[in-house]
Amino acid sequence: MTSSPAPGTRSSRISMFSAFKGRNEVSIKGQYRSYLFRKFLFMMGCGILVVIISGISATLGSYDLDFLDVYQVIFNHILNWGEPETVKVFVVWQLRLPRIIMGIVAGFGLAIAGAAMQGIMKNPLADPYTTGISAGAGFGAAIAIILGLGLGAGEYAIIINAFLFSLIPTFIIIGLTRFRKPTPSMMVLAGIATMYIFTAMTSLFMISADPNSVQAVYIWTVGTLDKASWSSIPIVFAVMVLGSLFLQGMAKNLNVMGMGDAGAKSLGVNVERSRVLILVVISLMTAAIVSFTGVIGFIGLVSPHVVRIFLGSDNKFLLPASGLFGAALLLGADAVARTIIAPTILPVGIITAFIGGPLFLYLIMQRKKEVW
Amino acid sequence: MKLKINDVVFSYSSLKVLDSVCLDLNESKFVCILGPNGVGKSTLVHCINRILKPQEGVVLLDQTNVQDMGLKEVARKVGYVPQASTDMFPLTVVDTVLMGRHPHSGWSTNEADLDIVTGILSMLEIEDLAMRSFDELSAGQKQKVLIARGLAQEPQLLLLDEPTSNLDIRHQLEVMELLGELVRSRKLLVVMVSHDLNITARYADLVIMMKGGKIFDAGTPEQVFTENNIRSVYGVEAQVVTAGTKPYVVPLAALKIKKEGAVSDIVGIEGSLAMERLEPDHAL
């Protein structure tokens, strides 16, 4: 090749390879930046939505409060910490806020776990429960409720049982990786198998249980924020924050893994190890949430899909945005659950399914592609 | 980049796919691996970039066994362009090509990564696709994006698995021309798996013809593309003519294969000659 190739030829283009500062390149970078900016805006929007829905949610109930009252009460109480609680403060701080914060934490955690699960499974139908966590947790709760068997006493027996049993399917999958490569299909199939086993065992106990216990188990499996309290929030919050940070750190790996195992390995990602690690973290997060709230469905499935429509599939943005959207969605659903046939409060899982199902069908009809 | 493959044996459970493959490539060169389906071409490529671990033998990159290197370390030296890529959750073209920077960069994408990626998009003349979603592209455009991703790894050795299989004739020529230029201008060693004899004949510096998990013949296109070789390796009766300075293979008829391995009875060049041509000092 000559030292000065004619302009416009491929050789001249190659020589520009690293130092090219043409107009096109500037415009690509400009477009890319504005594309990133739009993503930030969407995330900010979701964040603001969470704040607004939280405020609205805190106004709902028999004690009348308006939106501004709620935030005023919260700020005043934080600024004057330790002062005796007025009725307003008590209603907001003790009755309504734990439920709202649990809603945010659970919604965020389930949605980010769902997004990550869809990423490692490369499957749009995956959600945090795909590997059988919900069935395991349901069985753990059932034996605590029906048989009274469990670690800890009373309410804690259910929580601890649900947590421990929900992790069993994940342990089974990790055990199977000794014999088989942890491919998405292996994980999903193993999850379905353990799900059937646990569901069958739960059914067996429920057939012979008294009606009150059956109802309690059933309500537990639908999921509710009723039992949220300040004492339960710190542990769920801590697991959710640590798990989310870890998943965010794996976001680039998740992107690369989406391109197929061979391609991902050729880009330096240890696919099998990453997949198992992410699965373990998703399982811990989901187990922690589920053991306090029961199995709240649809948040982990729907939120990532909705966010993908607006943000695309880049996991660096998809994960946090799904979390924020999931928090807003769960809070919204809970607000509906509390008001739709007040004073009876429906389990929020019923509402998420009622909102999530039609929303999902609508989104599917809107899109021509297989996924978005 | 020096690539040395020593007696590599690879089996999928009981099926031996690579049988004592040896190869020694010392300088930047456009190398094409040819052979019928299932002969072990892709497996060989996967052994080179540590996707697969051979049961026997070693692959050395600049005298270091790839199995002793981390996946990221290999990915910084060896770029890879897969046959085709489907992504359930597709990203934009820029984000897809940015993945090629993964082995080099940390958690975030920095300005330098973006510079490299935009430079490559310009070079491949696919800037206009930059913000499009990968799954909306045509097969040919996808292939170019995957090549761009391989180049974004800034490798010294670029492996390609049938990169021109989905392309029309013009794009095939463009890609081959580009790879040839990269070999010369950037001193890349390019190893490409191909099915197209004539395109390969036009552009390759070194052709490696595989059969039954072994290297059957290797050399310049003129040396390798003979009627005998094509009959022995592919079981195809062909006429080899010269078009310009390069051989051109005109396939005539598929030979009937009576039983497994019967084609091998039609003897072409023996492996020993191939090995001689693969000696590093042998002028090609």
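Colleague: Why are Asp334(A) and Arg338(A), in helix α14 (residues 315-339) of chain A, separated by about one helical turn?

Modeller: Asp334(A) and Arg338(A) are four residues apart in that helix, which means a separation of about one helical turn. Helices here are DSSP runs of H or I with at least four residues, and strands are E runs of at least two, both numbered from the N terminus. This is a predicted model, in which local features need pLDDT of at least 70 and side-chain atom pairs pLDDT 80 or more, while totals for chains, interfaces and linings use all residues. Residues are numbered from 1 along each chain as written, chains are lettered from A and ligands numbered from 1 in written order, and side-chain values use heavy atoms, without hydrogens or water.

Colleague: How do the side chains of Asp334(A) and Arg338(A) meet?

Modeller: Side chains of opposite charge can pair when their charged atoms come close. Asp334(A) and Arg338(A) form a salt bridge, at 3.9 Å from N to O, the term requiring a side-chain nitrogen of Lys or Arg within 4 Å of a carboxyl oxygen of Asp or Glu. Over all chains, the count comes to 21 salt bridges.

Colleague: How many salt bridges are there between chain B and chain A, and which elements of chain B touch chain A?

Modeller: There are three salt bridges between the two chains, including that of Glu111(B) with Lys29(A), whose closest N and O atoms lie 3.0 Å apart. On the side of chain B that touches chain A, the elements giving two or more residues are α2 (71-77), β6 (78-81), α3 (93-98), α4 (111-123), α5 (139-152) and α6 (169-185) of chain B. Of these, α4(B) gives the most, with nine residues.

Colleague: How much area do chain B and chain A bury between them?

Modeller: Interface size is often given as the accessible area lost when the parts come together. Chain B and chain A bury about 4600 Å², 63% of it on carbon and sulfur atoms, as summed over both parts with a 1.4 Å probe. In contact (heavy atoms within 4.5 Å) are 58 residues of chain B and 45 residues of chain A.

Colleague: At what angle do helices α4 and α13 of chain A pack?

Modeller: Two packed helices are described by the angle between their axes and the distance between the axes. Helix α4 (residues 87-121) and helix α13 (residues 299-311) of chain A pack at about 70°, with axes 7 Å apart, the axes being lines fitted to C-alpha atoms over the stretch in contact and angles running from 0 to 180 degrees between N-to-C directions. Therefore α4(A) and α13(A) are roughly perpendicular, a word kept for 65 to 115 degrees. Among the residues making the contact are Gly107(A), Leu110(A) and Gly114(A) of α4(A), with Leu301(A), Pro304(A) and Arg308(A) of α13(A).

Methods. Buried area = accessible area lost by both parts, 1.4 Å probe. Parallel < 35°, antiparallel > 145°, perpendicular 65-115°, else oblique.
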